[in-house]
Amino acid sequence: MNTRLKNVRRIITMALLIACTAWQATAQVHYESREEIPAKYKWNFSDIYESWEAWEVDFNAISNDMKQIQTFKGKLGESSENLAKMLAVQEDLMKKAYKVYQFVAFQSTVDQRNMELMAKLQKVQLMFAKFGTVTAWISPEMIQIPEATMKEWIDSNPALKDHKFNLMDMYRLQKHVLSEEMEQLLSYYSQVTGTASDVFKALSTADIEFQEVELSDGKKVKVTPGVYSQIVTNNPNQEDRRKVYEAMYDVYYKNKNTYAAIYNGIAQANWAVARAKNYESCLDASLEGNNIPKDVYLNLIKTVREHTAPMRKYIELRKKVLGLEKYYGFDGSISLTDFSKNYPYEDAVDIVVESVLPLGKDYQAKLKKATESGWLDVYENPGKRTGAFSAGVYGVHPYMLLNYDETLNYVFTLAHELGHTMHTTLSNENQPFATHKYTIFVAEVASTFNERLLLDHMMETTKDPNERIALLTQAIEAIIGTFYAQTMFADYEYQVHSMVEQGKPVNADILTNVWGDIANEYYGDATEKTKYSNYPWTRIPHFYGSPFYVYQYATCFASSAKLYKDVMEGDKKDRKAALERYLTLLKSGGNDFPMEQLKKAGVDLSKPETIMAVINQLGELVDQLAMELDKVKKG
């Protein structure tokens, strides 16, 4: 069935689907090799398979499952028993697929230089492509079963109960299911349509040549993403920040025509698939699967674009406090105070565990277990990918990647990713496999909710005025980075895809102009322009790996802000009811459309006030930050 085929493809990009990546700063705890890192700070792969021999057994079993599925061809409409048996085989295959893929992918993630693992990963990906081809008949055949008949079968056959939501949703999407021949033809191109994304990864990682610069202290550094992040965050010399900024962006700028061709290829592929599936636009194709109203996307873009004043106010405050005559984008990460406290990992875990107590002792205990049981890979090591993510393995547990560096930012990253981990854990514990997978539309709710809990907890416990400033800055930057920036990215994606749909040309100059027009709407003259100001589109991975993904960061942020207010404010009875609704959301997996899940929890994203609540919150935080800065100045 179509939904399941999409789930198989999503396994291949799991780290992107439930991930919040960030550029890696230089870690305070440094290990020369992975072998030096104590086992308690590394993933326990044996929870998935005890050995490669066990992995091989399941890998081979998947091929046998494919053959068994084929025996049902032409028979699904004969009886509910045939349908139930086919779904059982398919579900068993999918459970193995999660384990088979992630066992290789996770090990490759922490050892990207291992070509043997890369070969195994490609082997799994080819097997998934084969699955798409040999099961292309399922959706067209299932859709031939009358809807009334399907309802009767579900009511009379308990084996179909867990599949009710997905089975009935199939009829809503009926017009997008093609004939068996067409579905099979499209499956042949599944690898081809992903090629442009692979080219972006190769160009931006394996083949990239970072530049070396000399800083004001005479030190020469190669400006990798990690070094860039470290310098623009910690180096007080604006000229040094300019140098690393120019060195970083010049690498992408020099390849702007190649990046433009890659992105055009991705947008063209998206439009080709959308048309083949009878969608009016790429955006419709992206939203309709989860039944997201188009107005939610468009209203988000419109509302945020019209209310950028709080963000500009923050930039003006930073410019004043930092004493800069001119303020550039590369000045956005430097601290407003001399605060530079380190947070050892164990201390950070304790702080995060304490902060989630308002969600109940059971939630707190489960989160604590996650940090003690080989679920987290904590420290950077040579060959390990940067950033952070949490990805689940059904029937095992989530695996969470960090590159912990003892900064305040990473304390919040820890809380954020543990939110994903808890969401996955609660969904897996309370949902059957058929509905365990929650959509991206709700994926960032638990993570940003946890961040807000952490902020309030640390604000309540600290007596250091500089730490309070750092915390408020952290919260403000979270809103700008998760809400404003992602909406800006969504605006860009929508405009470029619309151009492709209209048959308009797409090249580097056009993409740069699109970005520049949006940036002017957001920032106006609050920041100075540079040669590279309108080229961030060249290096944002989500554009190339998961189109029409980023807007969900913004909608999730708005949702969690509303839920947080309900859980933490009001009388005891109302707060208790709100907490139950929130935990029910986390336990509900994908058992309903995400907009409906959020409405049950108390959030309606179709209402402008839900979006405005975040914008107003930013204004309040900026005012509070200004007061705290004034206190320090007077003190």
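The buried residues of H13 pack against helix H11 (195-206), strand S1 (212-214), helix H12 (225-234) and H14. A few terms to go with that: buried means under 20% relative accessible area, exposed means over 50%, and partly exposed is what falls in between, with a 1.4 Å probe and protein chains only. Packing here rests on contacts, that is, heavy atoms within 4.5 Å. Helices (H or I, at least four residues) and strands (E, at least two) are DSSP runs, numbered from the N terminus.

Before going further, note that this is a predicted model: local features need pLDDT of at least 70, side-chain atom pairs count only at pLDDT 80 or more, and totals for chains, interfaces and linings use all residues. Residues are numbered from 1 along each chain as its sequence is written, and side-chain values use heavy atoms, with hydrogens and water left out.

Back to H13, then. Its buried residues include Asp240, Arg241, Val244, Tyr245 and Met248, and the run Tyr249, Asp250, Val251, Tyr252 and Tyr253 is buried too. Helix H13 covers residues 238-253, and its end C-alpha atoms are 21 Å apart, which agrees with the 22 Å that its 16 residues should span at 1.5 Å a residue. That expected span is 1.5 Å times one less than the number of residues. Asn237 caps the N-terminal end of H13, with a side-chain oxygen 2.8 Å from the backbone nitrogen of Glu239.

Now step back to the whole chain. You can count 29 helices and five strands. The radius of gyration is 25 Å, close to the 26 Å that the globule rule gives for 635 residues, so the chain is as compact as a globular protein of that length. (The radius is taken over C-alpha atoms, and the rule is 2.2 Å times the number of residues to the power 0.38.) Along the principal axes, the C-alpha atoms fill a box of roughly 80 × 60 × 50 Å. Buried residues make up 57% of the 635. Among contacts with a separation of 6 or more, 76% are between residues 24 or more positions apart.

What about the interior? A nonpolar core, in the sense used here, is a set of buried Ala, Val, Leu, Ile, Met, Phe, Trp, Tyr and Cys residues joined through side-chain atoms within 4.5 Å. The largest one has 157 residues, and those with the most contacts inside it are Tyr345, Leu414, Phe483, Tyr492, Trp537 and Tyr582. Helix H23 (residues 465-501) gives the largest share of this core, 19 residues. Take Phe483 as a way in: leaving aside neighbours within four places in sequence, Phe483 is in contact with Leu300, Val304, Ala478, Ala554, Phe557, Ala558, Ile611, Val614 and Ile615. Apart from this core lies another, of 48 residues, among them Leu83, Val89, Ile154 and Met170.

Trp55, Asp58, Phe59, Ala61, Ile62, Asp65, Met66 and Ile69 are buried in H3. Seen down the axis, these buried residues fall within an arc of 160°, so they line one face of the helix; the arc is that of the directions from the helix axis to the C-beta atoms. Their cover includes helix H4 (80-109), helix H5 (115-134) and helix H6 (138-142). Turned away from the buried side, you'll find the exposed residues Glu53, Val57 and Lys67.

Some loops deserve a visit as well. His176 sits between helix H8 (164-172) and helix H9 (180-188), and His176 is buried, with a relative accessible area of 3%. Its side chain reaches the backbone oxygen of Lys277 at 2.6 Å and makes a polar contact with the side chain of Glu288 (3.2 Å). A polar contact is a pair of N or O atoms within 3.5 Å; within protein, one must be able to donate a hydrogen and the other to accept it, and residues adjacent in sequence count only if both atoms are side-chain atoms.

His176 is also in contact with Asn278, in the loop between helix H14 (256-276) and helix H15 (282-288). Asn278 has a positive phi, near 65°, and is partly exposed at 45% relative accessible area. Asn291, in the loop between H15 and helix H16 (294-305), has a positive phi of about 60° although it is not a glycine.
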